[in-house]
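User: I'm new to reading protein structures and would like to learn how to look at one step by step. Could you walk me through this one?

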Amino acid sequence: MATLEIHDLHVSVEAENGPREILRGVDLTVKQGETHAIMGPNGSGKSTLAYSVAGHPKYTITSGTVTLDGEDILAMTVDERARAGLFLAMQYPVEVPGVSVSNFLRTSATAIRGEAPKLRTWVKEVKSAMEQLQMDPAFAERNVNEGFSGGEKKRHEILQLELLKPKIAILDETDSGLDVDALRQVSEGVNRVRETGEVGTLLITHYTRILRYIKPDFVHVFSNGRIAESGGAELADKLENEGYEAYSTKGGASA
Amino acid sequence: MADNIPAGSTTEGAITVGHPADARVSAAPSYDVADFPVPHGREEEWRFTPLERLRGLHDGTAKANGGLRVDVTAPEGVTVETVDRTDARVGKAGKPADRVVAQAFSSFEKASVVSIPKDLVLTEPVRIAVHGEGGTAYGHQVIEIGAFAEAVVVIDHTGDATLAANVEYLIGDGAKLTVVSVQDWDDSAVHVAQHTALVGRDARFKSVIVTFGGDLVRLHPRVIYGAPGGDAELFGLYFTDEGQHQEHRLFIDHDTPHCRSNVTYKGALQGKDAHAIWIGDVLIRAAAEGTDTYELNRNLILTDGARVDSVPNLEIETGEIAGAGHASATGRFDDEQLFYLMSRGIPTIEARRLVVRGFFGELVQQIGLPDLEERLMAKIDAELEASV
């Protein structure tokens, strides 16, 4: 069973006046089949956790370990991490001009699966995944994220999640900027993947809204660069009622 | 008629431009190098070009010493001649527009003329292999295609040379001419040339300029319409590497009614001091009613340290046109795009290839020559491999 283990993770970014520590000792274990929600106020370091694990060059790991099934993720390049089974659905996926969605998806699936998917079954696979996410087939011929609406970008991220079938999926604020219909469709996509029981999901969110559609097994409250409290789904209800005030950082020094 | 006609030559059929087509240039087009002041680098038409890298082509100090081999392979029915400058076809398409190409016109010894007779439809291309062996040369090439004939001409530039040249295309009424000029020079070559097309009535001209090599390449594709109904498509593709200067300066002179022009140039750049320049001048004169023109330049910067200058100019002297427009955009392949693609399992080199192939793909398809398409894509891949 695939397991992502994050142990005592410290991460800095380069700021104007030298490196600034954002993650200050994160411990978290996500197993295949589990869904963990990470919640927390803006600037608490939730997204930094997601991008550090995925390997974004902006972040420097100063100490700690991240392993996937015992393999040292931090020693891998970004593409190796993805091929090892990590997936990050981004909050702000970038435009890639000149590269069509269909070309991108196929190149990516080829890289992840280690061989080019058979054309006929692949076309069918993409088509049905797009239908389930209520995406227009013409979408496949557009350039990656170019001119996409907020909702289209998120659907496109979840489409990739469905096609790439990672072991561990990190969803960074997938709910932000979505209207109710889009949120429901995107959540259904995530749930289809979860129902296979083959993915461990780390759901990063500011709001409890998405948790009505995607039921977490564990909820962690992030504050000041570490997990301040962990619990079951009931912790989300508490946050819904009380907000993050109890966890807010004094003096606003944190990023 | 112009004053600077080489002895014995005629400008019959040529277009006489009474004022500099672009008021900002320092001299009107002329056959005589003496009509152009030696550039100092601040002139509009020279401001992007590093004169010190022209090896004296601009100031009269570059002496021809041979070292350039030109081999023409032509299908049956095509005539290949070497002629003097007195030949009526030499200089017929138009005048040199700047000092270096005027120097080439004033200095070349023999011109090569390839003639495709009227009504002949070629099934195989005419191939002109220009191979530099390290010398300095002034060249003159004329390609003449008769009425209703159809041909593809491929001009391949390889090796090392310091070359200033004029290439003229005389396109008969109703003829179809496609010319592919590939600048696949060694990285030491200097190449400055003007390609002037005189497009006949209802004729179709397609120019494909592909620039990969050279230390400095500066080309002027120019289109002049001899009669109504002409159609010119100008495609360009350049891949500018570290230290290279690649400059494409187009001028389309719409002075004749009901002609069409369509320009698409795309370039990718990588490496320190890679510098590409694209100038697209389109002039629609008062007489050119019914003109339809569009020009597009797109650039993709793959690494830090590269620079693009893209300057479209559209000057319109009549409102009675079918359409006129231009667009220019330069984008970067940045770390965020690379991260996004890599986070989907795609290795760095593959990510670059995906982006660059995607960027050029549409253009390469439009060229409509399958052999060339494959060669270009392979060359683009090779350029990318070399960079990583």
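**Reading a predicted model**

Analyst: Happy to! Let's begin with a helix in chain B: seven of the nine residues of helix H1 (residues 99-107) of chain B are buried, so this helix is largely enclosed by the rest of the structure. Please keep in mind throughout that this is a predicted model.

User: Which residues of H1(B) are buried?

Analyst: A residue counts as buried if 20 or more other C-beta atoms lie within 10 Å of its own. In H1(B), the buried ones are Arg99(B), Val100(B), Val101(B), Ala102(B), Gln103(B), Ala104(B) and Phe105(B).

User: And what covers the buried residues of H1(B)?

Analyst: Strands of chain B are part of the cover, including E4 (126-145), E5 (150-171), E7 (190-199) and E9 (216-225).

User: Now for helix pairs. At what angle do H2(B) and H3(B) pack?

Analyst: For a pair of helices, look at the angle, the distance between axes and the handedness. Helix H2 (residues 335-342) and helix H3 (residues 348-367) of chain B pack at about 115°, and their axes are 9 Å apart. That angle makes H2(B) roughly perpendicular to H3(B). Their crossing is right-handed.

User: Which residues make the contact between H2(B) and H3(B)?

Analyst: H2(B) brings Gln337(B), Leu338(B), Leu341(B) and Met342(B), while H3(B) brings Thr348(B), Ala351(B), Leu354(B) and Val355(B).

User: Let's turn to chain A. How many helices and strands are there in chain A?

Analyst: Chain A has seven helices and twelve strands. For the overall shape, we can compare the radius of gyration with what a compact globule would have. For 255 residues that would be near 18 Å, and chain A has 18 Å, which agrees. Along the principal axes, the C-alpha atoms of chain A fill a box of roughly 55 × 40 × 40 Å.

User: What share of the residues in chain A is buried?

Analyst: Buried residues make up 44% of the 255 residues in chain A. Among contacts in chain A with a separation of 6 or more, 74% join residues 24 or more positions apart.

User: How does H5(A) pack against H4(A), and at what angle do they cross?

Analyst: The axes of helix H4 (residues 119-132) of chain A and H5(A) come within 10 Å and cross at roughly 135°. That makes H4(A) oblique to H5(A), and the crossing is right-handed. Glu125(A), Val126(A), Ala129(A) and Met130(A) of H4(A) meet Leu159(A), Glu162(A) and Leu163(A) of H5(A). Five residues of this contact between H4(A) and H5(A) are nonpolar, none polar and two charged.

User: H3(A) packs with H5(A) too. How far apart are their axes?

Analyst: The axes of H3(A) and H5(A) are 10 Å apart, at an angle of about 35°. H3(A) passes H5(A) in a right-handed crossing. From H3(A), the contact uses Val101(A), Leu105(A), Ser108(A), Ala109(A) and Ile112(A), and from H5(A), His156(A), Gln160(A), Leu163(A) and Leu164(A).

User: How many residues of chain A are in contact with chain B?

Analyst: To read an interface, count the residues on each side, then ask which elements supply them. Here 21 residues of chain A are in contact with 18 residues of chain B. Helix H2 (78-84), strand E7 (96-100), helix H3 (101-113) and helix H5 (150-164) of chain A each give two or more residues to chain A's side. The largest share, five residues, comes from H3(A). That side of chain A divides into 13 nonpolar, six polar and two charged residues.

Methods: Residues numbered from 1 in each chain as written. Chains lettered and ligands numbered in written order. Predicted model: local features only at pLDDT ≥ 70, side-chain atom pairs only at ≥ 80, totals over all residues. Contact = placed C-beta atoms within 7 Å. Helix = DSSP H or I, 4+ residues; strand = E, 2+ residues; numbered from the N terminus. Nonpolar A, V, L, I, M, F, W, Y, C, P; charged D, E, K, R; others polar. Axes fitted to C-alpha atoms, helices over the stretch in contact; angles between N-to-C directions. Parallel < 35°, antiparallel > 145°, perpendicular 65-115°, else oblique. Left-handed = near helix turned anticlockwise from the far one by under 90°. Rg over C-alpha atoms; globule rule 2.2 N^0.38 Å. Buried ≥ 20, exposed ≤ 12 C-beta atoms within 10 Å, placed from the backbone.
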